[in-house]
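Please walk me through this model in the viewer, one selection at a time. I would like to know what to select next and what is there.

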Amino acid sequence: MISLRELSDKLKSERTLALFCHIRPDGDSIGSALALSLALKNLGKRVDVFCDDQIPSRFFFLNEPKNIKNTIDFSEYSAFVAIDCGDINRLGSFAHEFSKCKNTYNIDHHISNDKYAKVNYVVDNASNCENIYALLIEMGVEITQDIANHLMLGIMTDTGGFKHKNVTAQTLAVASQLKEKGADINSIYYHMFTAQTKARAKLFGVVMSKIRYFHDDRLAVATVTKEDIEKCGAKPDETEGFIDFIMGIDCIEVGACIMEIGKDKYKISFRSKGANVNAVAGTFGGGGHILASGCQIQGEYEEVVDKVAFAVKRELID
């Protein structure tokens, strides 16, 4: 794997760069990509950020997320950088063209990352924004207030507002330095963890009323169906944070949120208080972190639930 100094030198030598967030973008992917984009622009580079999915409107309290594009002409750029993407498929429809490019970068923090780019920098931090912060310091660029806000966005969302087990002394040190640069923790926390629409509140109540328990109440499964979303008038991206409620139940060791995304097709998010859910997700071709991972499973709903419960049971700590 390339060193931080080598990565810095390479990026500073590029002239036109396309940065990519992952599909179903979260705060860490958006924050990482936009912070790096702003820094590279300040160095005189031509940079654009792309995502194969629409950016959820809850991120629009910051100005830069509105500038993320969802179509690209690959011929216009000389370097292509995947941000916070544990595998190439997380690039969505951009993955095929990305794989054919000769000058690709992969900057990520997932332990399941398979080093799919020509240049790979993968360090297991609480958030990818910590990696980007270290990179910007190495590059010697100024951490402006806008950059600080985007980095703080990623750190706060991937740590659940600093409450997850992945928080380290380094995480807090970086956050402190970003605060000194003007990052607005109060505004970020409000928009990411407090503010919600009436439709989301209704959907939350429906989903949580149907939580299912397995393995002597050590596993909890919440399910979000397309029908529930439509009946509540909500949007699919308004389910962020549902799984955190599950993990607050005192007897639960592993939580799973199953979201219907198509006919017999489900996206599963896992959280854990100790069990290795990266291994669970890996069973189905997914991955992420030891305590937070995800995957997709195809099949009839009850069959999917059975598969999830069986895979989790193997990882529960006796």
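Contact here means heavy atoms within 4.5 Å. The model is predicted.

Start with helix H2, residues 27–42. Helix H2 lies across E1, E2, E3 and E4, and runs at about 170 degrees to E2.

Next, show the strands under discussion. The open sheet has 5 strands, ordered E2-E1-E3-E4-E5, with parallel pairing. E2 (46–50) and E5 (119–122) are the edge strands; each has a single partner strand, so one side of each is left without a neighbour in the sheet. On average, neighbouring strands are turned by 15 degrees against each other, direction ignored.

Zoom in on E1, residues 16–20, which is joined to E2 by 5 bridges. Select Phe-20: its bridge partner in E2 is Phe-50.

Now display the aromatic side chains. The structure holds 12 aromatic pairs. In one of them, Phe-20 and Phe-74, the ring centres are 5.9 Å apart and the planes are at 20 degrees, under the 30 degrees cut-off, so the pair is stacked. Phe-74 sits in the loop between E2 and E3 and Phe-20 in strand E1, so the pair ties together parts 54 residues apart in sequence. Both Phe-20 and Phe-74 are buried.

Move on to Tyr-266 and Tyr-301, a tilted aromatic pair with 5.9 Å centre to centre and 50 degrees between the planes. Tyr-266 belongs to strand E9 (residues 265–272) and Tyr-301 to helix H12 (residues 301–315), so this pair ties together parts 35 residues apart in sequence. Tyr-266 is buried at 7% relative accessibility, and Tyr-301 is buried at 18%.

Finish by selecting the cluster linked by ring pairs: Phe-20, Phe-50, Phe-74, Tyr-77, Phe-80, Phe-94, Phe-98 and Tyr-116.

Notes. Residues are numbered from 1 along each chain as its sequence is written. This is a predicted model: local features need pLDDT of at least 70, side-chain atom pairs count only at pLDDT 80 or more; totals for chains, interfaces and linings use all residues. Side-chain values use heavy atoms; hydrogens and water are left out. Two strands pair if DSSP finds at least two bridges between them. Helices (H or I, at least four residues) and strands (E, at least two) are DSSP runs, numbered from the N terminus. Axes are lines fitted to C-alpha atoms, for helices over the stretch in contact, and angles run from 0 to 180 degrees between N-to-C directions. Rings of Phe, Tyr and Trp (its six-membered ring) pair if their centres lie within 6.5 Å; planes under 30 degrees apart count as stacked, over 60 as edge-to-face and the rest as tilted. Buried means under 20% relative accessible area, exposed over 50%, partly exposed in between (1.4 Å probe, protein chains only).
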